[in-house]
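I opened a new structure today and kept notes as I went. Here is what I looked up, step by step.

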Amino acid sequence: MPGTEAAPTLIGSVQRALRLVDIVANSPRPVPVKTLAMLTGLTQGTTYNLVRTLIHEGYLATEPEGLVLGEHFPMFQSRPDAGGVLLARVRVALRQVTEDVGATAYLSRYHEGEVHLIDIVDAAERPRIDLSVALGSSAHATALGKQILTDLTGAERLDYLSRHRLEELTPRTIKDPRALLAELERSPGFTVDREEYAIGNACVAVPVIAPNIRASLAISLPVEQAHAGRGLVATLTRTARRLALQLGADGLSGGAPGLSAAV
């Protein structure tokens, strides 16, 4: 009919592929292929075929726990601090620590006045600590949280403590703000939690320092095996520096800064 615009020709396979990438990009954790099939209503065969193509083109990448964004995903250049992009960035670093040390690795960030867990990569022989108390309520009792607090300015540290009660999670938890502040002031460049969050477990954390970034990298071990010796701290620090250089370069190359950063 005159004056009637023709309907656009839509390619269904492209629409389905974009939907898969969108789900992965907005997930805080790696997404298994079976989960993608369930969320989209696609058959597993169709989902696997689309995923293989997306991996080949660099829009998705595989991890043991599922799919993350690949380096050809456009937001790697424009939004390096976006959730899915950040997850893909830090996963390689955490996996390296897990392999080097044989312990579960954690990364957290400080953002808008709170401590947030970004990712965990488990060591098969030493699984993660049961994080039954949210990190927002337990930073004072964790190596990751204490490292973040160490790297804050004095005013930011006092503001955080004024808004968070120091809950007693174990008999070893530091409950006195003055005692906690004194420990933070004595930090030798890394922080340790010895059964302060969970009995039988200890953690060691180091800072991840880059422009506009406050984050911390940590590993957890059974308390009898946890010794923050020079070798362990040096390994963690090397990985933290590599990650900081990558994230810092992303910000300087035009990406939006904003990663600010426990167990």
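The entries below go from the whole chain to single pairs of side chains.

**Entry 1: the model.** I noted first that this is a predicted model.

**Entry 2: the whole chain.** I looked up the secondary structure. The chain has nine helices and seven strands. Next I checked burial. Of the 263 residues in the chain, 49% are buried. The chain exposes about 13100 Å². Carbon and sulfur atoms supply 55% of that area.

**Entry 3: salt bridges.** How many salt bridges does the structure hold? I found 11. I followed up some of them in turn.

**Entry 4: D22 and R19.** I started with the salt bridge between D22 and R19. Their closest N and O atoms are 3.4 Å apart. Where do the two residues sit? Both belong to helix α1, which covers residues 12–25. They are three residues apart there, so about one helical turn separates them. D22 has 38% relative accessibility, so I logged D22 as partly exposed. R19 has 41%, so R19 also went down as partly exposed.

**Entry 5: E196 and K146.** I moved on to the salt bridge that E196 forms with K146. The closest N and O atoms are 3.0 Å apart. Buried here means under 20% relative accessible area.

**Entry 6: R163 and D159.** I then looked at R163 and D159, whose side chains meet in a salt bridge. The N to O distance is 3.1 Å. Both residues are in helix α7, residues 154–163. They are four residues apart, so about one helical turn lies between them. R163 has a relative accessible area of 39%, so I wrote R163 down as partly exposed. D159 comes to 36%, so D159 is partly exposed as well.

**Entry 7: a network.** Which residues are linked with D159 and R163 in a network of salt bridges? I found E114 there.

Methods. Residues are numbered from 1 along each chain as its sequence is written. This is a predicted model: local features need pLDDT of at least 70, side-chain atom pairs count only at pLDDT 80 or more; totals for chains, interfaces and linings use all residues. Side-chain values use heavy atoms; hydrogens and water are left out. Buried means under 20% relative accessible area, exposed over 50%, partly exposed in between (1.4 Å probe, protein chains only). Accessible areas come from the Shrake-Rupley method with a 1.4 Å probe; for residues, only the protein chains shown count as cover. A salt bridge is a side-chain nitrogen of Lys or Arg within 4 Å of a carboxyl oxygen of Asp or Glu.
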